[in-house]
Amino acid sequence: MTTPTPPSPGPASASRPPRLVALARLPDLALRTYGGSVVAASDESFAERQALIRPGRPVFQPETFGPRGQVYDGWETRRRRDEGHDWAIVRLGMPGKVRRVVVDTAWFTGNHPPYASVEACAAGGHPSVQEVRDAEWTEIVPRSPLTGDALHEFPVACDHVFTHVRLNIFPDGGVSRLRVHGEVVPDLAMFAGMTIDLAALENGAVITGCSDDFYSSPANVIAPGLARHQGEGWETARRRDGGNDWLTVRLAVPGVIQVAELDTANLVYNAPGAASLRGADLTGGGPHDDADWFELLPRTRLQPDTLHRFRLEAGRVASHVRLDIYPDGGMARLRLHGVPAT
């Protein structure tokens, strides 16, 4: 069930090279920066529960002791002296279909849990913690063995839409990160008749392709919120071939785009010199190359570290959009505000 990375000799340094584990390009539905929250836990005596869903890799500095003991970038419970087990409930920032769960025990060696399982439930609205605990839970990852200081990936085969997950560890210990990769399935009914961001990840949009993701993922450009630094946007390598970089977005729903926002925030010396947008209606399922692409925004000059807004006049329904940047560089955010066609 697991594909753990072999443990290191021990948490002797915080400068290890990154783990080379191929994760799906699906978004982490539980990520704190996407609105996720660890709403309850059985215990967090040694390290706080919210660390489970922090962005980025866990870090560690040896011999840093606080009132709770050695400081860990993760969630750690006390040593249990009864027959129970510890758990943490995460409200997903974006409801959706879970396709993969990652349980990371980085830096936890002699204090990691030997086993874990994951359950999920659908609790709509704004439920209390008790209402979530009383919901009907479905096991999506059975009780499985864990090793210390390792990534454990578990595929999930379930088409239900979930709003919460519960990580169970047996019997106690520490977990640095919990990742819940899946497909966003929002409820857009409340926005009927309104303009929405058709390219927003939280509304169900997906990046379907890109020319280059050398420095950071193109999925960042449709993520919620603002990019705090270059790493939270999309950035390509320097091109030496005379071409240009691009990405394609499958919109949350087909619609007519009225306003485009191209944000080069934090990109001061590596912003594109220009950009253009094209749209296509691929609801018939045809390939991108055969699509009837039409112009939304002609090649237009961009400024570094600037939010650009453009009123679009195409007036045609698009299900996909292609962003071209010239010749290379990065984009912090792409917003495509428009009216759904249905």
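## Surroundings of S319

Leaving aside neighbours within four places in sequence, S319 is in contact with V249, R250, L251, P254, A280, D281, L282 and T283. The model described in this report is predicted. S319 belongs to strand β19, which spans residues 317-326. With a relative accessible area of 5%, S319 falls under the 20% limit and is therefore buried. The side chain of S319 also forms a polar contact, at 2.8 Å, with the side chain of H320.

## Nonpolar cores

The largest nonpolar core contains 65 residues, and the members that touch the most other members are L167, L262, L277 and L323. Strand β5, residues 86-104, provides the largest share of this core, with 7 residues. Another core, of 7 residues, lies apart from the largest one and includes C121, A123, V132 and W137.

The surroundings of L277 can be given in detail. Beyond its neighbours within four places in sequence, L277 is in contact with A260, L262, F294, E295, L296, L297, V321, R322, L323, L334 and L336. Two of these partners, L262 and L323, are listed with L277 among the core residues that touch the most other members.

## The second largest pocket

By type, the lining residues comprise 15 nonpolar, 9 polar and 3 charged.

Three elements, namely β5, α1 (129-133) and β9 (162-170), each contribute at least two residues to the lining. The largest contribution, 5 residues, is that of β5.

R177 is located in strand β11. Its relative accessible area is 2%, under the 20% limit, so R177 counts as buried although arginine is classed as charged. Two polar partners are found for the side chain of R177. A polar contact of 2.8 Å joins it to the side chain of D73, and a polar atom of the R177 side chain lies 3.3 Å from the backbone oxygen of R54. Leaving aside neighbours within four places in sequence, R177 is in contact with A51, L52, R54, P55, G56, R57, P58, D73, G74, V102, V103 and D104.

V180 is found in β11 as well, a strand that covers residues 177-184. V180 is buried, with a relative accessible area of 1%. Outside the four places on either side in sequence, V180 is in contact with P27, D28, L29, A30, L92, V98, R100 and V165. The C-alpha atoms of V180 and V156 are 9.9 Å apart, and the two residues are separated by 24 residues in sequence.

## Strand β7: V141

V141 is placed in strand β7 and is buried, with a relative accessible area of 2%. Excluding neighbours within four places in sequence, V141 is in contact with V101, S117, V118, F154 and V156. Q61 lies 80 residues from V141 along the chain, and the C-alpha atoms of these two residues are separated by 31 Å.

## Backbone features

Most residues other than glycine have a negative phi, and most peptide bonds are trans.

Two cis peptide bonds may be noted. The bond from F170 to P171 is cis, with omega near -10°, and P171 lies in the loop between β9 and β10 (174-175). The bond from Y326 to P327 is likewise cis, with omega near -15°. P327 is situated in the loop between β19 and β20 (330-331).

D149, which is not a glycine, has a phi of about 55° and lies in the loop between β7 (138-145) and β8 (151-155). With a relative accessible area of 1%, D149 is buried. N266 has a phi near 75° and lies in the loop between β15 (245-263) and β16 (274-280). N266 counts as partly exposed because its relative accessibility, 24%, lies between the limits of 20% and 50%.

Notes:
Residues numbered from 1 in each chain as written. Predicted model: local features only at pLDDT ≥ 70, side-chain atom pairs only at ≥ 80, totals over all residues. Heavy atoms only, no water. Helix = DSSP H or I, 4+ residues; strand = E, 2+ residues; numbered from the N terminus. Buried < 20%, exposed > 50% of the residue type's maximum accessible area, 1.4 Å probe, protein only. Polar contact = N/O pair within 3.5 Å; in protein donor to acceptor, adjacent residues only side chain to side chain. Contact = heavy atoms within 4.5 Å. Core = buried A, V, L, I, M, F, W, Y, C linked by side-chain atoms within 4.5 Å.
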